[in-house]
Amino acid sequence: MTATAAAIVGGYLALLVFLGWRGHRRNAPGSLSDFYLAGSNLGFVILLATLYASQYSGNTFLGYTGQAYRIGFAWMMSVGMMMSVVLVYLTYAPPLHVLAHRHGFITPADYIRHRFADSRLAALLSLVMAIGLLNYLYAQFLAMGHMAVGISGGEIPFWAGVVVLGVVIGVYETLGGLRSVAWTDLVQGVLLLVGLFLVLGLVWGRVGSLAEISEQLAVEAPSMVAVPGWTQCAGWASSMVLMGVGAAVYPHALQRIYAARDRGALQRSLRVMVCMPLVTTSAALAIGILAHGLIPGRSGVDADRIMAEVLAVIAGFGLYGEVVSVLVLTAALAAIMSTADSSLLSLSSMVARDLVGELRPDYGEERLARIGKWASWVIIGGVVLLATRPPTTLWRLIEIKMELLIQVAPAFILGLRFPELDANTVWRAAIVGIVLSLAAFFAGIQAIGGIHAGTWACAVNLALCGIGIRRARATGSARHAGGGEVGNR
Amino acid sequence: MKMARTSRTADAGPSRALGWTIVVLLCLSVPWYFPAGDGRPFVFGVPLWCVVSFACYVAIASIVALRLPRLWDERGAEEL
């Protein structure tokens, strides 16, 4: 590990801990709302930063560039996927934000309990969301270990990277809660954008012309520039639904809606957020395509390492190249850590509020906040252990995060719009959706007709909710008619 | 003047037309309607179908960024 790399990464990690300490000093002691939602007082800039850094993970750097390199221009679908997350926010965030402020929601289950008055439903949906979050956290910890190995040139072993970075996250997260996490997200979000554009500029400068690359691809790998076929188009549309709906109901995403200071801050943040895929995922797409001019001929799993190979080439440009390379790796690490800390904080809040808080209603907020902090360390310990050991078959369950998470969506999207939707209908529809997703997963069925199995399962889930709403309306109309009232709502 | 405009916007309620425009643009962003081909012509090195797709996303982002209050619907909160 060079001195430059050690200085940049060390400085970045020290800054995170400092921001954790600053957040700790600003927090009101013993308040769950203050710790997990920054007192529901996040203004435009910080809210935007934390929404952005949570939505765009290390996968944007590493996975998205690799996928663009592998499938070509059809990866434009990633712009649609990320934009659809913001569009789905618009379907439920306006009323949810009002309700959250009015009733003091902290976790997603608070809304479920308020809306459906059914603790059984709240427990089921919380479990599904916790599995999705654990998956996310586990994937980020694995990525952190790989990044530590990459940045140090193999001098830091994988397990040490996971442990050290996990501890750093634990320190600033348990010190200042969402306030610290949001401030670190500002740093991490800026690093992510700057890193992407540095790489894009350097690769474009070295390769020269995108037109030449495209002409070359049209001859050597025509599928990368050709119009996508029907199956790929179906997959494109399905990915927008799966990612848009699934990512929009991540618990940490829901909690950021709760944490917005007011309608104005939330609106301004979403106005900018909807534009971010145009610069973020498009930049990753361009890097992946242009990389063909720098490092041709990679395929399959090797394509996933294309960003690392591009950075190795950039590092050879001299001291400037080395600094840029380390900065970009630090930016990728930042993107990974920002997603991990958000997931961790959300899981911690669910343990404190929904598990311990429900079992022991006599516990005060201060005690629950303390339990939540300890829960964070226990979760970090468990995920570190898991990341440093090969997962067993049981843990294959956490591979299906979006397919499961999307089954929670009707409770929010339809639940906030249709007062007729009752708890029993949501319960039955969610169970059917979850069972169908699990059955498809264990049968090895990823997609039918290009559309993800999870999207099909969600369609059934939504249809069952729709039938329930129609029946409730019909029953309501009949009751009104029987009571001598005319018409229905 | 500004207050009068804000009040009129709030009174008008959320716009269904804008919502459906976004849905149509999302459908058009997936290039299912382009005839099968090798991706040519290219526009600055980008296949035309990809440029159209990107243009749809720019249009959606512009609608949301510029007309968000017309898409903002808090009505569910009143009844829950």
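Helix axes are here lines fitted to C-alpha atoms over the stretch in contact, and the angles between them run from 0 to 180 degrees between N-to-C directions. The model treated in these exercises is a predicted one.

**Exercise 1. Determine how helix α8 and helix α18 of chain A are oriented to each other, and which residues make their contact.**

Step 1. Two packed helices are described by the angle between their axes and the distance between the axes. For α8 (residues 119-151) and α18 (residues 365-387) of chain A, the axes come within 9 Å and cross at roughly 60 degrees.

Step 2. Angles of 65 to 115 degrees count as roughly perpendicular and angles under 35 degrees as roughly parallel, and α8(A) and α18(A) are therefore oblique to each other. The crossing in which α8(A) passes α18(A) is right-handed.

Step 3. On the side of α8(A), the contact is made by A:Leu137, A:Tyr138, A:Phe141, A:Leu142 and A:Gly145, while α18(A) contributes A:Val383, A:Val384, A:Leu386 and A:Ala387. Sorted by class, this contact has eight nonpolar residues, one polar residue and no charged residues.

**Exercise 2. Describe the side of chain A that touches chain B.**

Step 1. In the contact between the two chains, 38 residues of chain A meet 37 residues of chain B.

Step 2. The helices α6 (77-103), α10 (210-220), α11 (230-248), α13 (263-273) and α14 (276-294) of chain A each supply at least two residues of this side. The largest share, nine residues, comes from α6(A).

Step 3. By class, the side of chain A that touches chain B consists of 31 nonpolar, four polar and three charged residues.

**Exercise 3. Outline the build of chain B.**

Step 1. Chain B has four helices and two strands, and these follow one another along the sequence in the pattern α-α-β-β-α-α.

Step 2. Of the 80 residues in chain B, 25% are buried.

Step 3. When contacts in chain B between residues at least 6 apart in sequence are considered, 75% of them join residues at least 24 apart.

Note on methods:
Residues numbered from 1 in each chain as written. Chains lettered and ligands numbered in written order. Predicted model: local features only at pLDDT ≥ 70, side-chain atom pairs only at ≥ 80, totals over all residues. Buried ≥ 20, exposed ≤ 12 C-beta atoms within 10 Å, placed from the backbone. Contact = placed C-beta atoms within 7 Å. Nonpolar A, V, L, I, M, F, W, Y, C, P; charged D, E, K, R; others polar. Parallel < 35°, antiparallel > 145°, perpendicular 65-115°, else oblique. Left-handed = near helix turned anticlockwise from the far one by under 90°.
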